[in-house]
Amino acid sequence: MLERYEESQTSNTDKYNNIFDITHHDVHLQNLPSSLIGKRIVQISDLHRRHDIPDCILESAVEYINAVQPDYVALTGDFINSSPRNIQPVLNILSHIHVKGDVFAVMGNHDYPHGRGVLPEGMRKLGFQVLMNESVRIGNGLWFAGVDDLLKSSCDPEKALHNIPLNEPVVMLAHNPDIVKHIKLDHNMLVLSGHTHGGQYNLPILTPELICLIHLRTRLIHGWYHVRNMQLYVNRGIGVSGVWFLAKRYKCDPEITEYTLLP
Ligand SMILES: [Fe+2]
């Protein structure tokens with residue numbers, strides 16, 4: 001029966017491998033409560049809903065989440081590509097997320113100046129937990145924390161972490177990966193970020209490293225980084241930014257990440 005279930009789940013999700021780079025990661029967190037061992041988080045980031053690009057890829061990301069039924073969903077900002085007319089359409093897309101567990105969200109730089117108004121309020125009405133320099137405790141001692149955007153808002157990691165004991169593990173949602181430079185406390189932490197789009201282009205001379213350094217002034221581009229007690233993952237995101245002729249990806253696929261929590 002179990003095998004049949006696994007087979008059907010695989011066939012149900014195979015088609016998404018043609019759309020996204022779906023990466024799976026085991027994450028070890030000290031003092032993870034035994035009741036949370038094996039719990040799964042799916043992260044999607046940087047949807048950048050925009051009127052000049054069809055919604056099908058964003059809808060596919062939501063379909064994937066529903067197909068794999070993670071225990072938690074992490075949405076790490078840049079839901080819209082700046083214009084407020086994209087807010088209701090992206091809320092409509094996100095309203096189709098149907099999972100048993102919690103959905104956590106933080107705002108990104110493209111979400112402002114709407115990141116403190118209609119957009120987060122709309123998400124809260126969907127039942128999402130929008131974390132603005134705050135944290136919530138799950139089960140017997142895992143925390144989900146989130147910060148406002150580093151560039152466009154009042155990002156305050158100390159406020160987000162202030163009530164968390166140093167010996168309890170934290171999953172921090174932060175749109176901008178450079179947040180790790182601003183976290184002073186030594187929590188045992190998984191940090192989930194986006195923002196860079198992995199460079200969006202992967203060209204021989206105009207490399208992701210050069211694009212991110214010039215455009216975003218960061219060397220945290222994609223994948224895993226380890227900073228003190230922090231394990232940072234930078235997700236390449238789903239959507240694209242830039243004016244219409246630059247609004248595409250080249251050898252830099254959209255990404256969905258899945259994390260399995262282990263002690
Ligand atoms: Fe973005």
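Q: Which residue in E3 stands opposite Ile41?
A: This is a predicted model, where local features need pLDDT of at least 70, side-chain atom pairs count only at pLDDT 80 or more, and totals for chains, interfaces and linings use all residues. Residues are numbered from 1 along each chain as its sequence is written. Strand E2 (residues 40-44) and strand E3 (residues 72-76) run parallel, joined by four bridges; strands here are DSSP E runs of at least two residues, and helices are H or I runs of at least four, both numbered from the N terminus. The residue opposite Ile41 is Tyr72.

Q: Which are the edge strands of the six-stranded open sheet?
A: The order is E1-E12-E2-E3-E4-E5, with mixed pairing, and two strands pair if DSSP finds at least two bridges between them. Each edge strand pairs on one side only, and these are E1 (21-28) and E5 (129-130).

Q: At about what angle to E2 does helix H2 run?
A: Helix H2 (residues 56-68) lies across E2, E3 and strand E12 (255-262), with contact meaning C-beta atoms, placed from the backbone, within 7 Å. Axes are lines fitted to C-alpha atoms, for helices over the stretch in contact, and angles run from 0 to 180 degrees between N-to-C directions. For H2 against E2, that gives about 175°.

Q: Why is strand E7 largely enclosed by the rest of the structure?
A: Buried means 20 or more other C-beta atoms within 10 Å of a residue's own, exposed means 12 or fewer, and partly exposed is in between, with C-beta atoms placed from the backbone. Leu142, Phe144 and Gly146 cover one side, Trp143 and Ala145 the other. E7 (residues 142-146) is largely enclosed because the number of its five residues that are buried is five.

Q: Which residue in E8 stands opposite Gly146?
A: E7 and strand E8 (residues 170-173) pair in the parallel sense over four bridges. Opposite Gly146 is Leu173.

Q: What arc do the buried residues of H6 fall within?
A: In helix H6 (residues 208-216), the buried ones are Pro208, Ile211 and Cys212. They line one face of the helix, because seen down its axis (using directions from the axis to the C-beta atoms) they fall within an arc of 95°.

Methods: Contact = placed C-beta atoms within 7 Å.
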